[in-house]
Amino acid sequence: MNAPESPDVADRPLVGEFLATGDESAFRALYRRHAPLVYGLVLRLCGNRRAEADDVFQETWIRAIAGLGRFRWESALSTWLCGIAVRCARELERRSVASAQPESDPAEGHASAGEPGVDLDRALAALPPGYREILLLHDVFGYTHTEIASLLEIEPGTSKSQLSRARRAARERLEGNALIFRDTDATKNRRSFDERRPRTG
Amino acid sequence: MSEDHEPDEAPLPGIGLMRPEKDSPPELEDRIVAALYERRLLRSDPRRRFPWSIAAAAVLLLGLGFLIGRLPRPALPAVAQPRFILFLEPIPQGSEGAGSEAARVVEYRSWAGRVRQSGRTISGEKLVGGFRRVGAEGGPPRLSASEILGGYFVISARDFDDAVSVARDCPHARHGGAIVVRAIDPT
C-alpha cells in the first residue's frame with residue numbers, strides 16, 4: 001500500500017466521535033489508526049534520530065488535535081497529518097544546528113545489516129532535508145507531485161525537478177557507500193594476504 | 001499518479017519496496033496522551049468517570065444480599081494468581097526526565113489500566129516523605145524501608161517472571177526509579 005488513501009470514510013466516525021466527546025479513548029482510536037504511517041514519515045524526516053523523531057511526532061499530534069475541528073476533508077486525514085508532520089520536522093530542523101548529521105548509525109535498530117532497506121535508509125538519512133522530504137513523500141509514501149506541492153507549498157514543477165535532484169543525490173550516496181565497502185574489502189583482503197606471507201628475518 | 005510525468009532521474013532500485021509505516025514506541029502513546037491532557041486538549045479520562053451502571057448493579061446486589069440474610073464477601077481477585085509487591089524506590093533528584101507531575105500521573109494511570117486490562121489485579125499507593133519509627137528502641141540504627149520507599153503496587157501475576165515483566169513496563173523504571181519485586185506469602 002504505497003499510495004495514500006483517498007479521503008476515507010473510516011476516519012469520519014472516529015474524528016466525529018473525538019470532536020463530540022474529546023475523550024482519551026476516541027483519541028487513542030484515531031492515533032492507533034494513523035500512528036504507524038505518520039511515525040514512519042517522521043522518523044525518516046528526522047534522519048532516523050529517535051529522540052528528535054519522538055518530539056516531532058508528539059508535536060504533530062498536539063497540533064493535529066488542536067486543529068482537528070478545522071479539518072475540512074479536502075484531503076485524506078493521513079495526508080493532512082503528514083503535512084503537519086513535515087512542518088513540525090522542518091521547524092525542528094531549523095532550530096537544531098546539530099541535526100545536520102546523524103549522531104549514530106541512522107539505520108541502527110530499524111533493520112538488520114544486509115537488508116536491502118538499510119543502505120536506502122542510510123542514503124535517505126544522509127540527504128539534505130529538502131531532498132529527503134521529496135524523495136520520501138513521492139517514492140516511499142506514494143504522494144503525487146500535486147499533493148506534494150500542496151503539502152510543501154511549492155509548485156508541482158518544483159516538486160518534479162527537486163525529486164530528480166534528490167534521486168541523483170541519493171544514488172551518489174549509495175554508490176559512495178558501495179565504493180567504501182569495496183575499499184574495506186580490499187583492505188581486508190590485502191591484510192589477509194600480508195598475514196599469509198611468510199615472515200622474514 | 002497519472003498526472004505526474006516521471007522526472008529524468010529514475011527511482012532508486014528497491015525504494016518502492018520500502019514500507020512507509022514504522023511502529024512507534026508503545027510508551028510514546030501514553031506520553032502524547034499526557035501532553036494532550038496537560039494542554040487541555042483531552043476533556044476527561046473516561047476511566048475517571050464514575051461507572052453509574054456498575055454502581056446501580058452493586059446497590060441491587062447489596063439489597064439482594066440483605067434480603068437473603070448474607071452480607072457480600074470481600075471481592076476476590078478475578079483470577080486466583082500469586083500476588084507480588086513492587087517496592088518503588090524514590091527517583092533520584094535530576095533523573096525524573098521531562099514532563100510535569102500531572103503528566104507522570106497520567107502515565108502511571110495508563111500503565112495501571114493496561115495491567116488491569118491484561119487480567120491482573122493491581123492496587124498501590126504513593127508514599128509521602130517523613131516517617132516515625134516505633135519498636136526496637138535502643139537497637140542499632142538501621143536504614144528503614146520508610147527511608148527508601150517512594151510507593152508500592154500490589155499486583156497479581158502468573159509467576160515471578162511475569163511480575164518482573166509488569167514491573168519493567170512501569171513508568172517508574174523509565175523515569176530512573178528502581179523497583180524491587182517480592183512475592184507475597186499466599187498463606
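I began with A:Glu133, which is buried at a relative accessible area of 6% (buried: under 20% relative accessible area; exposed: over 50%; partly exposed: in between; 1.4 Å probe, protein chains only). The model is predicted, with local features needing pLDDT of at least 70 and side-chain atom pairs pLDDT 80 or more, while totals for chains, interfaces and linings use all residues. Side-chain values use heavy atoms, without hydrogens and water; residues are numbered from 1 along each chain, and chains are lettered from A in the order written.

I looked up the partner of A:Glu133 and found a salt bridge to A:Arg90, with the closest N and O atoms 2.9 Å apart (a side-chain nitrogen of Lys or Arg within 4 Å of a carboxyl oxygen of Asp or Glu). The pair links helix α6 (residues 129-140) and helix α4 (residues 77-95) of chain A, 43 residues apart (helices are DSSP runs of H or I, at least four residues, numbered from the N terminus). A:Arg90 is partly exposed, at 29%.

I next noted the salt bridge of A:Asp121 with A:Arg44, at 3.7 Å. A:Asp121 lies in α5 and A:Arg44 in α2 of chain A, so the pair ties together parts 77 residues apart in sequence. A:Asp121 is buried at 4% relative accessibility, and A:Arg44 is buried with a relative accessible area of 4%.

A:Asp54 is buried at 10%, whereas A:Arg50 is partly exposed at 37%.

I counted 21 salt bridges over all chains.

Terms used:
Helix = DSSP H or I, 4+ residues; strand = E, 2+ residues; numbered from the N terminus.
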